[in-house]
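These are my notebook entries from a reading of one model. I set down what I looked up and what I found, entry by entry.

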Amino acid sequence: MNIIIAVPTRTNRTVDDHFGHCAQFTLFSVSDEKAVQEAGIVFSPPGCGCKSNIVSILRQKGVSILLAGNMGEGAVSVLQGHGIEVHRGCSGDAGKAVEAFVAGEWKDSGVGCSAHHSEAGHQCPSHQ
């Protein structure tokens, strides 16, 4: 049975630094043999990821794991509430990040949204 992993990405397929600001989500299918294959793109709806319906869309696409650069605890809770396992701290090429995760080369950084509060226009739900 294949596992579907989503990665918030920019249009050049690099990992976006923040879940709620990404242009799209690149989906990857991982086989039982741990072979990674790109499985499609889901474009981000307008607005912050944690305030949109993107989590339910990803779940409908079969996503069970999300690899991200970073995100707030509210988004982590919503994703986990929909049965999507969250791992933060990835960067660079999305495909290579998925391959590294599948190979067991890294795990969730545990770093939350607080590191991004200085970004222009960024607002976390817990700080509004």
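**Entry 1. Helix 2**

Against which elements do the buried residues of helix 2 pack? I worked from a predicted model, and I found that they pack against helix 1 (54-60), strand 4 and strand 5 (85-88). I then listed the buried residues of helix 2, which spans residues 73-81: they are Ala-75, Val-76 and Leu-79. Looking down the axis of helix 2, I saw that these buried residues fall within an arc of 100 degrees, so they line one face of the helix. I recalled the general rule that an α-helix has 3.6 residues a turn, so residues three or four places apart point the same way.

I next looked up how helix 2 is placed. Just after helix 2, I noted a positive phi of about 80 degrees at Gly-83.

**Entry 2. Strand pairings**

I went through the pairings of strand 1. Strand 1 (residues 3-9) pairs with strand 2 (residues 24-30) in the antiparallel sense, over seven bridges. With strand 4 (residues 63-68), strand 1 pairs in the parallel sense, over three bridges. Ile-5 has partners in both of these strands: Phe-28 is its bridge partner in strand 2, and Ile-65 stands opposite Ile-5 in strand 4. For Ala-6, I found Leu-66 as the bridge partner in strand 4. Strand 1 is mostly covered, with six of its seven residues buried.

I then turned to strand 2 and strand 3, which pair in the antiparallel sense over seven bridges. Here Gln-24 stands opposite Phe-43 of strand 3. The hairpin of these two strands has five residues between them, and Lys-34 in this hairpin takes a positive phi near 70 degrees.

Which residues does Thr-9 contact, leaving aside its neighbours within four places in sequence? I listed Thr-14, Val-15, Asp-16, Cys-22, Ala-23, Gln-24, Phe-25, Thr-26 and Ala-94. Thr-9 is found in strand 1. I looked up its relative accessibility, which is 0%, so Thr-9 counts as buried.

Val-63, in strand 4, also has 0% relative accessibility and therefore counts as buried. Leaving aside neighbours within four places in sequence, I found Val-63 in contact with Ile-4, Ala-6, Leu-27, Leu-58 and Ile-84. I checked the separation of Val-63 and Ile-84: they are 21 residues apart in sequence, with 6.7 Å between their C-alpha atoms.

**Entry 3. Nonpolar cores**

Which residues have the most contacts inside the largest nonpolar core? I found Phe-19, Phe-25, Leu-58, Leu-66, Met-71 and Leu-79, in a core of 19 residues. Strand 1, strand 2, helix 1, strand 4 and helix 2 are the elements that give two or more residues to this core. A second, separate core has 15 residues, including Phe-28, Ile-65, Leu-67 and Trp-106.

**Entry 4. Cysteines**

How many disulfides does the structure hold? I found zero. Cys-22 has 7% relative accessibility and so counts as buried. Cys-90 is buried, with a relative accessible area of 7%.

Conventions: Residues numbered from 1 in each chain as written. Predicted model: local features only at pLDDT ≥ 70, side-chain atom pairs only at ≥ 80, totals over all residues. Heavy atoms only, no water. Disulfide = S-S within 2.5 Å. Buried < 20%, exposed > 50% of the residue type's maximum accessible area, 1.4 Å probe, protein only. Helix = DSSP H or I, 4+ residues; strand = E, 2+ residues; numbered from the N terminus. Pairing = 2+ DSSP bridges. Arc of directions from axis to C-beta. Contact = heavy atoms within 4.5 Å. Core = buried A, V, L, I, M, F, W, Y, C linked by side-chain atoms within 4.5 Å.
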